[in-house]
Amino acid sequence: MAAYPSLPLRASIKPAAPLRHAVGADGGVSGLSLGEAVHYALTITHPLLSAAERDTLLNFYAANKTSLATISPGDGRTYDCVMLSEPRVDVVSAARFTLVTELVGVVV
């Protein structure tokens, strides 16, 4: 298991019960419980990174996109997560970048 890179971050953490919902052909809504454990959707924003810091995160994703990563986003808990996709890169200037990573995980 890899440790998520230690970079400046802001985190948004949303609990998500393991439920799946569906709308039937008749318009009725149904739900299916997939268990009791709660998992979390994490959106990690890395503001104003340098090019080297940007590359660190992108290289981390390339090397660990199918592996568990451990992250402590500052809420007092640690999560084992998987990255849902490559981080989004927003160009702020020629030398600064903001990256946004979407993860899903559980508290460890």
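Visitor: How many salt bridges are there in this one?
Guide: In this predicted model, the count comes to 3 salt bridges.

Visitor: Which residue does Arg 88 pair with, and how far apart are the atoms?
Guide: Arg 88 forms its salt bridge with Asp 90, and the closest N and O atoms are 3.0 Å apart.

Visitor: Are those two buried or exposed, or something in between?
Guide: Arg 88 is partly exposed, at 47% relative accessibility. Asp 90 is likewise classed as partly exposed, at 29%.

Visitor: And what about Arg 77?
Guide: Arg 77 forms a salt bridge with Asp 75, with 3.4 Å between the closest N and O atoms. Relative accessibility is 35% for Arg 77, which counts as partly exposed, and 32% for Asp 75, which also counts as partly exposed.

Visitor: Which residue meets Arg 54 in a salt bridge?
Guide: The side chain of Arg 54 meets that of Asp 55, at 2.9 Å from N to O. Asp 55 is partly exposed, with a relative accessible area of 32%.

Visitor: Why would such side chains pair at all?
Guide: Side chains of opposite charge can pair when their charged atoms come close.

Visitor: Back to Arg 54. Which ring does it lie over?
Guide: Arg 54 lies over the face of Phe 97, at 4.4 Å from the ring centre.

Visitor: Which residue is the bridge partner of Phe 97?
Guide: Phe 97, in strand 9, is the bridge partner of Val 91. The pairing between strand 8 (residues 88–91) and strand 9 is antiparallel and runs over 4 bridges.

Visitor: How many residues join strand 8 to strand 9?
Guide: The two strands are joined by a hairpin through 5 residues.

Visitor: New topic. How many aromatic pairs are there?
Guide: The count comes to 2 aromatic pairs. One of them is formed by Tyr 4 and Phe 60, which are edge-to-face, with 5.7 Å from centre to centre and 70° between the planes.

Visitor: Why are Tyr 40 and Tyr 79 called edge-to-face?
Guide: The planes of the Tyr 40 and Tyr 79 rings stand at 75°, so the pair is edge-to-face; the cut-off for that class is over 60 degrees. Their ring centres are 5.6 Å apart.

Visitor: Which parts of the chain does that pair tie together?
Guide: Tyr 40 lies in strand 5 (residues 39–49) and Tyr 79 in strand 7 (residues 79–83), so the pair ties together parts that are 39 residues apart in sequence. Tyr 40 and Tyr 79 are both buried.

Visitor: Let us return to Tyr 4. What does its side chain do with His 46?
Guide: The side chains of Tyr 4 and His 46 make a polar contact at 2.8 Å. His 46 lies in strand 5 and is buried, with a relative accessible area of 0%. Beyond its neighbours within four places in sequence, His 46 is in contact with residues including Leu 7, Pro 8, Leu 9 and Phe 97.

Visitor: And what joins Thr 101 to Tyr 4?
Guide: A polar contact of 3.2 Å joins their side chains. Thr 101 lies in strand 9 (residues 97–107), and its relative accessible area is 0%, so Thr 101 is buried.

Visitor: Which residues does Thr 101 touch?
Guide: Not counting residues up to four places away in sequence, Thr 101 touches several residues, among them Leu 42, His 46, Leu 57 and Met 83. Thr 101 and Leu 57 are 44 residues apart along the chain, and their C-alpha atoms are separated by 9.3 Å.

Visitor: What does the side chain of Thr 98 reach?
Guide: It reaches the backbone nitrogen of Leu 48, at 3.3 Å. Leaving aside neighbours within four places in sequence, the contacts of Thr 98 include His 46, Arg 88 and Asp 90.

Methods:
Residues numbered from 1 in each chain as written. Predicted model: local features only at pLDDT ≥ 70, side-chain atom pairs only at ≥ 80, totals over all residues. Heavy atoms only, no water. Buried < 20%, exposed > 50% of the residue type's maximum accessible area, 1.4 Å probe, protein only. Contact = heavy atoms within 4.5 Å. Polar contact = N/O pair within 3.5 Å; in protein donor to acceptor, adjacent residues only side chain to side chain. Salt bridge = Lys/Arg side-chain N within 4 Å of Asp/Glu carboxyl O. Pairing = 2+ DSSP bridges. Phe/Tyr/Trp six-rings, centres within 6.5 Å; stacked < 30°, edge-to-face > 60°. Lys NZ or Arg CZ within 6 Å of the ring centre and 35° of its normal.
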